[in-house]
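Keep the structure open as you work, and try each task before you read its solution.

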Amino acid sequence: MKKNKRNFLIVATLLATFLLITWEIPSDLIETRMLAPSATFRNYLNEKGFYQFIEETGAGNLTRSGFSEDDETLGGPLLDDNQVVFEAQQQSPHYWRIDSKTYYSGSGWESPAPGNTRIDSYSGEEIDLVDTDYQAAFAEEEEINFNREVMDSYVPLPYGNKQIKLEEPSTELFVNQETQRVDFQNSEQSRSFQLAWQDFNYTLEELSDVSLTTPETAVDYLQLPEQLPQRVVDLAEELTAEEETLIGKVTAIEDYLKDSENFRYSKVDAGFPTENQDYVDHFLFDSQVGYCDNFSSAMVVMLRVVGIPARWSKGFSTGEKVKENQFVVRNSDAHSWAEVYFEGYGWLPFEATPTFSQPLQQTTTSSETTESSSSESTTTQETSDTTTEESSSTTEEDSSMISTSTTETPVNHRSFSISPVVKNALFILLFVISCGLIYILWRWYFYLYIFFLVKISQANILKVYPILLKKAEKFVFRASEQPLSHYAQFFEANYPEFQQTFVHLTSSYEQVLYGGKQEDKQSSGQLLLAVAWHLSQAKKRKKT
């Protein structure tokens with residue numbers, strides 16, 4: 001009973017110490033150091049549906065990717081849902097915009113108040129949707145064949161001028177003129193339709209001549225919560241302090257989020273803010289891990305801090321190119337980004353999320369740069385283990401992204417000698433080996449200790465035998481008056497697998513201790529190690 005109480009006290013003390021350590025050490029620090037090395041591998045598992053399978057079997061309850069109407073509370077991990085939403089036959093890849101939201105509460109985004117927007121209805125075989133704010137040039141017209149797999153009310157559309165060609169003239173569309181969202185009156189109508197599309201065609205050089213202007217609207221695109229932490233304000237002002245142009249301030253914030261080594265992209269590692277903590281503040285300064293919602297929200301908030309009208313936009317990224325001019329868009333391609341108002345151009349998209357490339361931004365350099373490009377198009381499929389051929393840079397991916405631009409865009413030029421998947425595989429292998437070594441040390445520590453005494457320290461039998469005897473007494477009780485030779489015989493009767501090694505060792509020990517015989521180092525060393533090995537493998541016999 002005394003022994004059991006002592007063991008109980010030791011275990012209780014160790015558990016209390018462990019709980020105290022886990023309570024005092026910041027959880028973000030632990031998560032960063034433990035999760036970051038394996039992030040790419042776990043993102044790959046997410047894209048392959050591993051975590052979704054766990055969630056579906058009842059082992060979890062996480063949010064799945066896809067277009068959501070409710071963005072009032074953001075944060076937490078996200079599971080990839082690979083269900084196909086729609087398919088499109090087209091030549092040029094682009095983002096599919098659905099909606100924008102303007103009111104930031106500190107925990108998420110909400111739509112403009114109904115009184116601040118105007119909703120118009122359209123019907124007919126051909127419905128023109130013209131962006132009247134955009135006064136610059138357009139690209140050549142393209143035709144897009146659109147086929148919906150998920151019949152929802154929203155209509156994903158590219159930027160630019162669109163003409164929707166419907167097979168059912170009775171179909172009615174509702175257009176929110178403020179948010180530029182388009183919805184079917186009946187979500188079951190028009191599974192397929194065509195788009196005559198003209199993309200925006202502007203350059204960053206043209207935007208550098210545009211000065212800061214606030215759009216004439218009832219919606220406040222500079223709104224921020226009163227309790228926005230001061231360190232968010234300080235960071236935004238610091239990033240834009242040396243920029244003189246509107247586009248310079250916008251890209252300074254965008255590049256900081258997109259290219260900074262301070263932030264890590266991950267859907268599965270994104271965390272929740274603490275109670276009453278601002279969503280953007282938590283991401284920028286505490287977790288620094290997240291996905292598109294984190295990066296886009298941070299960009300919009302910091303733009304508003306420095307007086308630049310911005311709004312939070314959402315829809316789908318370009319999707320996956322499955323064959324020539326054929327794109328498939330899934331729920332896992334759901335995406336959000338920032339939009340900034342430029343007078344004469346309207347609301348233009350900007351991409352702050354690492355590994356994503358907004359096609360409009362990739363075509364915004366001068367024609368001289370385009371002509372000097374050595375390649376007409378590059379295609380990048382963004383997955384968790386992709387290493388781009390041209391830059392040799394490795395990044396974590398959110399979804400499939402297709403880029404046809406040949407111009408230079410802000411990218412993360414961090415290079416690695418090996419891919420993240422290989423690095424994380426090596427990390428996991430090293431972890432397994434370390435666990436194996438720890439087990440071996442725990443399982444065979446006694447034998448290794450005796451081996452060290454005999455082979456390294458060259459300890460004699462008079463020093464090592466008492467240690468072995470004490471270990472043996474844990475298996476077979478020995479009375480204090482019992483002679484060693486009798487005990488050795490009794491011990492081997494209970495453990496015949498020792499094959500008389502303990503008896504011979506005891507005899508040698510007594511001859512050296514009592515008879516003054518010179519120790520045979522080689523023979524006694526073999527016996528000491530043999531007995532130590534058997535003691536390491538021995539298990540207590542049940543009493544009968």
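**Exercise 1.** Decide whether Glu 473 is buried, partly exposed or exposed, and find its salt-bridge partner.

*Solution.* Keep in mind that this model is predicted.
- Step 1: Glu 473 has a relative accessible area of 31%.
- Step 2: Buried means under 20% and exposed means over 50%, with partly exposed in between. Glu 473 is therefore partly exposed.
- Step 3: The partner of Glu 473 is Arg 478, and their closest N and O atoms are 3.5 Å apart.

**Exercise 2.** Work out which parts of the chain are tied together by the salt bridge between Asp 281 and Arg 231.

*Solution.* 
- Step 1: Look at the contact: the closest N and O atoms of Asp 281 and Arg 231 are 2.6 Å apart.
- Step 2: Place each residue. Asp 281 belongs to helix H8 (residues 279–287), and Arg 231 to helix H6 (residues 230–240), so this pair links parts that lie 50 residues apart in sequence.
- Step 3: Check the surroundings. Asp 281 is buried at 3% relative accessible area, whereas Arg 231 is partly exposed at 35%.

**Exercise 3.** Describe the salt bridge between Arg 264 and Asp 269, then name the residues joined into one network.

*Solution.* 
- Step 1: The side chains of Arg 264 and Asp 269 meet at 2.9 Å, N to O.
- Step 2: Arg 264 and Asp 269 are both buried.
- Step 3: Now the network: Glu 69, Asp 99, Arg 181 and Asp 183 are joined by salt bridges that share partners.

Key: Residues are numbered from 1 along each chain as its sequence is written. This is a predicted model: local features need pLDDT of at least 70, side-chain atom pairs count only at pLDDT 80 or more; totals for chains, interfaces and linings use all residues. Side-chain values use heavy atoms; hydrogens and water are left out. A salt bridge is a side-chain nitrogen of Lys or Arg within 4 Å of a carboxyl oxygen of Asp or Glu. Helices (H or I, at least four residues) and strands (E, at least two) are DSSP runs, numbered from the N terminus. Buried means under 20% relative accessible area, exposed over 50%, partly exposed in between (1.4 Å probe, protein chains only).
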